[in-house]
Every structure is written in structure tokens, then in C-alpha cells.
Amino acid sequence: MFARKEKLYGFLLVLPSIIAVGIFVYGFIAWSVRVSLSDWVGLTADYTFAGLRNYIELFSDPRFHVDIRNTVIFTVVFVLGALIIGLFLAILLDQRLPGEGFFRGLFLFPMAISFIVTGVVWRWLMNPATSADRLSGYNLLFDSLGLDFLINQWHLTPTYGMAAIAMTAIWQMSGYTMALYLGGLRAVPEELREAARVDGASEFQMYRRIILPLLWPVTLSAVIILGHISLKVFDLIIAVAGKQLPLDVPSIYMWQTTFDGLFYGRGASIGILLLISVAFLIIPYLYYSLRSEGEE
Amino acid sequence: MSTTSSSLSSSQGRRFQRRYLLLIPLILMTIFYLIPLYVMLVTGFKSFEEVSLQTMWNLPSGIHFDNYIEAFEKLKPHLWNSLIMVIPAAIISSIIGSINGFVLARWRFPGSKLVLPLLLFGMFIPYQSVIIPLAVFMKNIGLAGSIPGLVLVHVIYGIPITTLTFYGYYMTVPKELVEAAKIDGAGLLGTYWNIFIPVSAPAFVVVLIWQFTSAWNDFLFAVILTGNKSWPVTVALQNMAGSQIIAGNVQMAGSLLAALPTLLVYIFLGRYFLRGLMAGSLKG
Amino acid sequence: MKRRKSLSLQILSIVLVSVFLLAACQPAGGEASEVEVFSWWTGGGEAAGLDAMIEVFKEKNPNIEFVNSAVAGGAGTNARAVLATRLSQNEPPDSWQGHAGQELIGTYVKDEKIEPLNFLYDEEGWLDVMPATLIPLISDGGNIYSVPVNIHRANVIWSNSQILADNGISIPTSMDEWFAAMDALQAAGVTPLSMGEQWTAMHLFETIMLSSLGPDKYNGLWDGSTDWGSSDVTAALEAFTKTLSYTNSDASSLSWQDASQLVVDGSAAFNVMGDWAQGFYQELGLEPNTDYGWAPVPGTGGNFQFLSDSFVLAVGAPDRDAALAWLKVAGSKDGQDAFNPVKGSIPARSDGDVSLYNVYLQSAMDDWASNTVVGSLTHGVVANDSWKSEIDTALGLFLQDQDVGAFQAALVAACASTGPCQ
């Protein structure tokens with residue numbers, strides 16, 4: 001039924017994309033692997049083979065340990081925060097309240113703005129000074145509202161400062177999870193809700209027992225998207241906190257060591273390790289979701 | 001009868017009130033979302049002397065449009081650069097994504113099931129890890145430092161997400177329609193043009209908006225791949241921050257100007273974008 | 001159907017409106033002789049100074065278009081990334097800003113990215129007017145590689161005269177006096193020393209190292225003759241640790257400007273920063289000696305810890321003649337006297353017109369001529385980029401854990417891996 005020639009046309013139409021992605025994604029990854037196995041330090045390319053030395057050094061590098069800790073904290077706070085707030089907003093908006101369209105648009109708009117634009121504002125808002133004469137940003141707001149106990153050091157909080165940075169990322173991306181969840185909620189057939197109400201379930205029970213389990217695939221997609229964003233996080237931290245070791249993450253280490261220190265080999269190794277961790281998240285997901293779609 | 005009806009109406013009344021209570025958390029969240037915008041807005045209207053960290057919540061003493069004029073003067077050529085870069089980038093990558101999505105979803109060839117994940121993986125790579133070979137490659141093909149080069153990069157790194165969006169969307173087009181078209185003797189292009197394109201508007205809106213905003217907001221590729229005449233607005237904005245006295249008011253005004261096009265797109269087209277998102281066409 | 005129509009209308013109108021709005025702003029292109037100069041002077045006095053020098057250039061070279069490729073240094077250090085990328089792909093700007101010293105020699109010269117300029121020095125007679133202390137720092141193997149435009153001093157302590165007077169403190173001249181003064185201030189509830197983000201900690205670090213070790217041993221750190229593992233260095237690191245205990249707790253969220261501002265606002269008594277802080281105070285309209293005071297960092301009197309911005313000639317410059325025309329202006333008396341008073345630095349040439357400079361800069365000119373000159377670490381004089389970046393990482397970790405032993409071990413390792421201790 002499918003003519004062989006027609007199939008060939010299909011292939012030819014996709015071929016330019018395959019070639020482009022082949023070069024710009026896989027070719028460049030291969031190039032990075034090659035650099036990561038080299039001794040390249042300085043402004044001139046040097047591909048002398050150094051084996052896994054760059055990788056081995058990273059594993060005993062105290063700065064890289066800080067990076068891993070920070071990435072874990074950021075990922076946990078950001079992914080959980082964006083999921084919970086996104087779900088919360090979606091359920092609220094699912095109640096068909098007045099002004100629903102306004103709220104939906106409002107929660108989505110931070111996605112439209114880059115951190116190059118909002119970074120300075122966040123820097124001001126999360127000013128970590130806690131002494132009375134220098135309060136500003138949220139701390140000043142808390143002070144004037146009598147909420148003194150909320151005054152904190154934000155991203156300068158020892159060890160857990162990344163959580164404050166994650167808050168800005170939640171601001172940006174929770175609208176997106178809201179949209180995903182709202183889509184999921186609207187796809188739940190009205191009969192299911194009615195059936196639950198007829199059975200005497202409260203609204204809360206209905207969400208808990210019937211609707212949330214149905215949202216599981218949405219949650220999974222959201223976790224993957226948010227998770228890979230948090231592994232790559234870069235400009236957000238730079239914009240809010242600058243380059244500070246307490247708030248270092250692998251992508252910043254990579255940028256600094258490559259361009260400030262000219263350790264191209266080490267920089268490429270960090271890039272490859274980042275890629276591997278993203279792959280651990282993505283490949284099972286791609287496998288799972290494409291297989292299930294293929295079955296339909 | 002009367003008792004049931006009265007209990008029904010009272011329960012409706014309770015539900016009515018409770019529903020309105022739900023507006024309270026919504027309004028609190030609204031404040032959280034709008035605070036950064038408020039600070040940007042009021043600071044942009046302040047005079048230089050008025051700007052200080054301790055008075056950031058205060059309203060400006062008057063409306064000073066000077067800051068916006070000054071920022072616009074500085075950003076003007078770069079806003080233009082952004083626009084002539086972003087529009088072709090968004091349109092071309094949408095078309096490519098649509099064709100790829102169509103072929104991979106409904107016009108499969110041997111091996112097409114492998115092509116999709118291989119393309120999609122490109123969506124997740126950390127761009128920092130390709131920036132150096134990218135810069136070298138762009139130079140070798142003679143497109144470094146130019147707007148067409150930047151367009152090409154956005155188009156190519158946009159292939160995964162645009163392909164996925166159209167793939168997901170076209171999977172919802174019934175197979176039977178394709179079969180019927182084939183029986184009528186329609187070829188690949190005929191099927192694509194007559195059956196798929198007419199229903200593609202929602203997917204195109206999502207992809208165009210997505211690509212428009214991500215190319216508009218990009219900084220990393222722009223700063224490495226363009227020169228000072230072809231800088232888009234994000235790079236110019238970063239430069240405005242300067243390195244001695246930072247004129248916070250002008251900077252905030254500039255930030256707002258730089259964000260305006262994407263904000264406008266979201267305000268006017270946001271609901272179509274949201275509808276597309278909610279339809280699951282961008283689920284990941 | 002109606003909905004779709006209105007949607008396309010909306011798209012169309014947005015596009016059209018934007019195009020019309022912006023059509024007027026399309027920059028005119030032109031392909032004449034041009035010189036592209038890369039720097040990270042994008043704002044404030046730095047940019048204004050550069051503009052003043054560009055004016056001089058335009059007067060002398062009306063036929064050459066000046067392309068000012070300044071990229072903000074700032075938090076992302078984007079400037080360095082852009083430059084490194086362009087250099088490693090051999091697509092350099094005609095000329096760029098580089099700090100005199102190891103940043104130049106140990107990085108650009110080592111990788112053969114810049115051309116020797118001896119012929120230009122001979123032609124222009126610069127050897128007679130550029131300070132003899134500076135030439136070796138921009139030379140390698142008898143070749144001179146850059147044109148310095150200015151000199152900044154790193155080891156300056158800025159103070160709030162009012163706070164010092166209120167607490168009966170005179171400006172300290174030794175570390176011990178300084179610690180005693182800061183103890184008194186702390187007891188009086190004043191933040192003794194303001195500090196900003198991580199690089200300002202490195203700036204403080206280098207001045208304390210100089211103060212504690214003295215100029216000879218300090219210089220020895222950078223040529224390998226002072227052992228990084230020695231007890232002298234341990235003592236210096238302990239002095240640095242003690243100094244840090246007097247700083248504000250929110251240091252890492254402040255820019256250097258914020259930290260300098262704390263002193264004039266009366267929120268802190270002292271700040272250690274290079275003398276570009278003076279340019280910043282000047283822009284704020286403050287009066288030297290009344291609104292703020294200055295002195296060499298305690299224990300570094302008689303030493304001038306310097307840095308110098310200089311411009312280089314790229315190997316393979318797209319327009320070499322235009323680049324040379326730019327360098328001639330950068331090295332000229334006119335160019336430097338246009339640039340420096342605005343930028344707030346002293347000219348690299350020793351024949352600058354003293355009357356153009358303010359009271360602070362005049363004192364700096366005297367000190368530059370009479371003091372022992374040593375180089376700055378943070379600003380590229382004494383260590384190459386790789387070594388500096390390793391020290392920066394070690395310092396960042398130290399600021400978190402305050403472990404002197406680990407810090408010293410990391411500094412020893414950094415010298416061995418990328419410094420002269422190999």
C-alpha cells in the first residue's frame with residue numbers, strides 16, 4: 001500500500017534535519033569528548049591524548065563536590081516546588097472561578113521573559129542584608145509588614161542558599177507546569193467527577209483518589225522537563241548571585257574553567273558529565289513515552 | 001420536596017462562598033508573580049537620585065519617560081537585530097518541524113522510529129558543551145558574527161522541540177484520513193498540504209511563540225556568535241549594565257523594553273499558546 | 001473559522017506594527033577602513049574615558065571607522081568568554097584590552113596571538129616616555145607586546161573620615177594597628193571593613209599578602225623563589241583570615257561599587273579596593289579628603305601595587321594599518337590625557353599633563369614615580385589566566401570553610417600545576 005518511492009520521499013524530507021542535528025548535536029558531542037580526553041590548556045587547540053585524567057581529577061575536586069551538592073539541592077527544591085505550585089494553581093483554576101483567563105495568562109508570563117531581563121530585579125528582591133539599617137528587597141517588605149521572622153539571608157544562607165535561587169526558577173516555570181496540569185485536568189471526563197460526587201466523595205477525596213492518579217503521565221513529563229532544566233541552570237544563577245563558589249554549579253564551573261582559566265580539557269569533561277546525567281534522565285523517558293505512543 | 005430543594009440551595013450557597021474563598025490564594029500568588037514586574041516598572045520611572053535599594057518599594061516621585069527614551073536610543077539597533085533574527089528563525093523552524101512531524105508521525109519510512117528519539121535528544125543537551133565546536137564550525141562555514149548565522153543556529157537547535165510538537169499534534173489526526181487520501185491517489189505532499197496543513201494552526205501558534213521567545217531571550221549563542229553590529233537586544237542590555245555606576249532606572253527601563261515584544265506576544269496570543277500547551281502538544 | 005481568522009489577523013498586526021516601529025532604526029551599513037577594538041569598558045567613567053580617546057582617534061583618522069566592541073565584563077565575565085572563543089578560532093578583533101603582565105605574556109604571547117610592537121616604540125619614541133618598570137612586564141624575549149594606556153593602584157584603603165574621627169581612630173599604617181582599630185570599631189557596633197563579591201576578596205587577599213610578606217617575598221611568590229608552603233605564607237594567610245572576620249556578612253551579594261558605597265554611606269569604616277573606587281566616588285559627586293579618605297593598605301606604605309590596561313596588536317588583524325593607527329593614539333600623550341582623567345587613572349606615560357588630574361590622581365602620580373612597584377594578582381599582572389583561575393577556586397573554597405591548611409595546600413598545588421613551581 002505504501003509505495004517504496006513515497007517512503008523515500010518522506011525520508012528525503014527529514015534528511016536535512018537528520019544531517020543538521022547529526023552535526024550540531026552528535027558531531028559536537030563527539031568533538032567535546034575528544035577535547036575532554038586531551039591536555040588542552042591555553043588558547044591554542046591541543047589534542048594530545050590524556051586518557052581519563054580530566055574526569056578522574058574532577059571526582060577528587062572539592063569544587064566539583066560543591067557543584068554536585070548544589071545541583072541536588074536546586075533540583076529537589078525547584079522540581080518539587082514547581083510541581084506543587086503548578087498543581088495547586090491548576091486545581092484552583094479548575095474550579096471555574098471568575099477571571100480564570102486572566103490568571104492563566106498571568107501565571108504563564110514569566111516564561112516569556114529571560115533572566116537577562118529579570119535577573120537584576122531578583123538580585124534586588126533577594127538582597128541578603130539583615131541588619132536593620134540596610135534592609136531591602138523582600139526583607140524590607142517583611143519588616144514593614146511585621147513579618148520579621150521571615151527575614152533571611154536568601155542565597156547566602158550557608159549550604160542551602162541554592163534553595164533561594166530555585167525560588168526564582170519556580171517563579172519562572174511554575175506557570176508552565178500549571179498549564180500542563182490544567183490540560184490534564186480538563187482531559188478528565190466529567191462523568192468520572194460526577195460518578196465520584198454521586199458516590200458521596202468530597203471534592204478533596206475526588207482529587208486525591210481519582211484525578212491525581214490520572215495526572216501521573218503529566219507529572220512524569222513535567223519532572224523530565226524541569227529536571228533537565230535544573231541540570232543545565234546557568235544564566236539564572238549568574239544573574240542573581242554572580243559567580244560565587246557557594247552557589248557554583250557544573251555549568252558555571254565549566255564556563256569559568258574554560259574561558260577564564262583556559263582549561264579546555266577540564267571544561268569539556270564537565271560538559272560531558274552533564275550530558276551523561278541528562279541522558280540518564282532522558283533516555284528512559286524517551287523510550288517509555290515513544291513506545292507507548294507507538295502502540296496507540 | 002421543599003426540604004430537599006432548600007438544602008440544595010443552601011449547599012449551593014456554601015459552595016458559592018467557598019469558591020470565592022479560593023480567590024484569596026490566587027490573588028496571593030498573583031502578587032508573588034507580579035512583584036518583579038512592579039519593581040521593574042516603578043524603578044524605570046524614577047530619576048537617578050531616587051534609585052536606591054532602601055527605597056525600591058516606593059512609588060516614583062513623577063513619571064520620568066526620559067529613562068525609556070534613553071534606553072530606547074541605546075537599544076534601538078539591537079531591537080531591530082533581534083526582530084530580523086527572531087522572525088525568520090521562528091518561521092523556518094516551524095516549517096521544518098511541521099514537515100518532520102508529519103513524516104515521522106504519519107508517513108513513516110524504515111528506521112523512522114529510531115530517527116525521532118535521536119532528534120529529540122538534541123533538545124536536552126547543555127548548550128555550554130557545544131558552544132566551542134559551534135563557534136569554530138560557524139567560522140569555517142563563513143557565518144560567524146552574522147545574523148543569518150544566528151538564525152541558522154536557532155533553527156537547528158529548534159528542530160527537536162518543533163518536530164516533537166508537530167509529531168504529538170499530528171498523532172491525533174486519525175490514520176484513516178491518511179489512508180483515505182492515499183486511496184484517492186494523493187501523494188505525500190498532497191496529503192500534507194490538503195489534510196495536515198489546514199488543521200495545523202494551533203500547533204503552529206505554539207511552535208511560533210515558543211521559538212520566538214526562546215530565540216528572543218537567548219543570550220549564550222548571541223554573545224558568542226555575533227559581533228557588535230549584529231548583537232541582539234539581550235547582549236546590548238547586558239552591556240548597558242556597565243561596570244561603574246549602574247543607572248538602575250535606565251537599566252530597568254531597558255529591561256522592560258527588551259521584554260516588551262515577548263510580553264506582547266504572550267498578551268495577545270497567550271491563550272492560543274496555552275490552549276496548545278493544554279492540548280498536550282508540548283508535553284515534552 | 002472566525003476564530004482562526006482573527007488569530008491570523010492578530011499575528012499579522014503584531015508583526016506589521018513591530019516592523020514599522022523598528023524600520024526607522026535599521027543601522028546603515030558601510031564598508032570603509034575600520035578598526036575593531038575589543039574591551040570590557042561598557043559603562044560609567046570607563047566607557048566615557050574610552051569615548052574620549054575614540055574622539056581623539058577620529059580627529060586624527062577621519063577615514064577609519066572605529067568599531068567599539070565592548071562587551072560587559074560584569075558578573076558573567078562574558079567579555080573573556082567572547083575573546084577566548086574568538087582567539088581560539090583565530091578570528092581576533094584588530095586590537096583588544098589586556099592587562100600588562102602575565103595575562104599578556106603567559107596567555108596571549110605564549111599562544112602567539114599578538115605581534116611584537118618594538119618598531120612602533122622606536123617610531124613613536126615611546127621608550128623615552130613609558131616607565132622603565134613597566135616595559136619588562138609587557139616584554140618577552142626582548143620583544144614589547146602592548147601599549148599601556150593607564151596605571152591603577154590596587155593597594156588602597158578607603159575610609160570614612162567621620163567614623164574614624166568619632167571613634168578616635170587615625171588611619172592605621174601597620175597590620176597590628178589596623179586590627180586594633182577594627183577591634184575598636186567592632187566593639188562600637190560599626191562594620192569595620194566592607195567587602196564585595198568573590199573577586200574583591202581576591203583583591204583583599206593580594207594586598208594582605210603584600211603587607212604581610214613585604215615586596216621581595218611577595219614578588220617571589222610569582223617567580224617561584226618564595227615557597228607557597230612556607231611558614232611566612234601561613235602567617236600571611238592567617239592575617240588574611242583575621243581580616244575577613246571584620247567584613248560584612250553579605251559580602252558575596254555586593255558588587256565592588258556596593259562595597260565602596262558602604263564606606264561613604266557610613267555603614268562601614270574601611271574598604272580595600274583599587275583606585276577606580278576614586279573614579280566611582282567622583283561620579284557620585286563626593287569630595288576627596290572630606291567625604292572619604294585614602295591611604296596605602298596598612299603595611300604596604302612605600303609600595304605601589306599596580307595594574308595597567310594596555311592594547312595589543314592581533315596576529316592576523318583584519319586591518320593591521322587601522323589597528324596601528326589606534327595603538328598610536330592609545331600610546332600618545334593626547335590620547336592618554338583624554339582617557340585617564342575621565343577614567344580616573346593615571347597615564348602610563350610619565351609626561352602626562354599634571355594639571356588635568358585631580359588631587360587623588362596627582363598623589364598617585366607621585367607615588368608611582370617614587371614607590372617600589374609590585375604587580376597585582378587579581379588584575380592579571382603576576383599570574384597567567386590559568387594559574388589565577390586555580391587560585392580563585394582555592395580562595396572560593398576557603399571563603400566557605402576558612403580552613404587555612406587546605407587553602408595553603410591548594411595554593412601550593414596551583415603553583416605546581418600552572419605556575420612556575422612545576
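A helix here is a DSSP run of H or I at least four residues long, numbered from the N terminus. The legends below describe a predicted model.

**View 1**
Val72(A) lies in helix H3 of chain A, which covers residues 62-93. Its relative accessible area is 47%, so Val72(A) is classed as partly exposed, the class between under 20% for buried and over 50% for exposed. Val72(A) belongs to a nonpolar patch on the surface, together with Ile68(A), Val76(A), Leu80(A) and Ile84(A). The accessible area of these residues together is about 450 Å².

**View 1. Chain A as a helical chain.**
Chain A holds 13 helices and 0 strands. Along the principal axes, the C-alpha atoms of chain A fill a box of roughly 80 × 75 × 30 Å. Of the 296 residues in chain A, 59% are buried. Among contacts between residues at least 6 apart in sequence, 66% link residues at least 24 apart. The accessible surface of chain A is about 11900 Å², and 69% of this belongs to carbon and sulfur atoms.

The size of an interface is often given as the accessible area lost when the parts come together. Between them, chain A and chain B bury about 8600 Å², with 78% of that area on carbon and sulfur atoms. Phe24(A), Ile116(A) and Trp124(A) supply 9% of the area that chain A buries against chain B, more than any other three residues. The contact involves 94 residues from chain A and 91 residues from chain B. The number of salt bridges between chain A and chain B is 0.

Asp385(C) is placed in helix H15 of chain C, residues 385-401. Its relative accessibility is 3%, so Asp385(C) counts as buried; the cut-off for that class is under 20%.

Strand S13 of chain C spans residues 309-312. Asp309(C) and Phe311(C) point one way from this strand, while Ser310(C) and Val312(C) point the other way. All of these residues are buried. Strand S3 (residues 95-99) of chain C runs antiparallel to S13(C) and is joined to it by 3 bridges. In this pair, Gln97(C) stands opposite Phe311(C). Strand S6 (residues 146-148) of chain C also pairs with S13(C), in the antiparallel sense and over 3 bridges. Here Ser146(C) is the residue opposite Val312(C).

**View 2. The open sheet S14-S7-S12-S15 of chain C.**
This open sheet has 4 strands in the order S14-S7-S12-S15, with mixed pairing. Its edge strands are S14 (346-347) and S15 (372-375) of chain C, each of which pairs on one side only. Strand S7 (residues 150-153) of chain C is paired with S14(C) in the antiparallel sense over 2 bridges. Across this pair, Ile151(C) stands opposite Ile346(C).

Definitions and conventions:
Residues numbered from 1 in each chain as written. Chains lettered and ligands numbered in written order. Predicted model: local features only at pLDDT ≥ 70, side-chain atom pairs only at ≥ 80, totals over all residues. Heavy atoms only, no water. Buried < 20%, exposed > 50% of the residue type's maximum accessible area, 1.4 Å probe, protein only. Pairing = 2+ DSSP bridges. Patch = residues over 30% accessible without salt bridge, like charges linked within 9 Å, V, L, I, M, F, W, Y side chains within 5 Å. Areas by Shrake-Rupley, 256 points an atom, 1.4 Å probe, with all protein chains shown as cover. Salt bridge = Lys/Arg side-chain N within 4 Å of Asp/Glu carboxyl O. Contact = heavy atoms within 4.5 Å. Buried area = accessible area lost by both parts, 1.4 Å probe.
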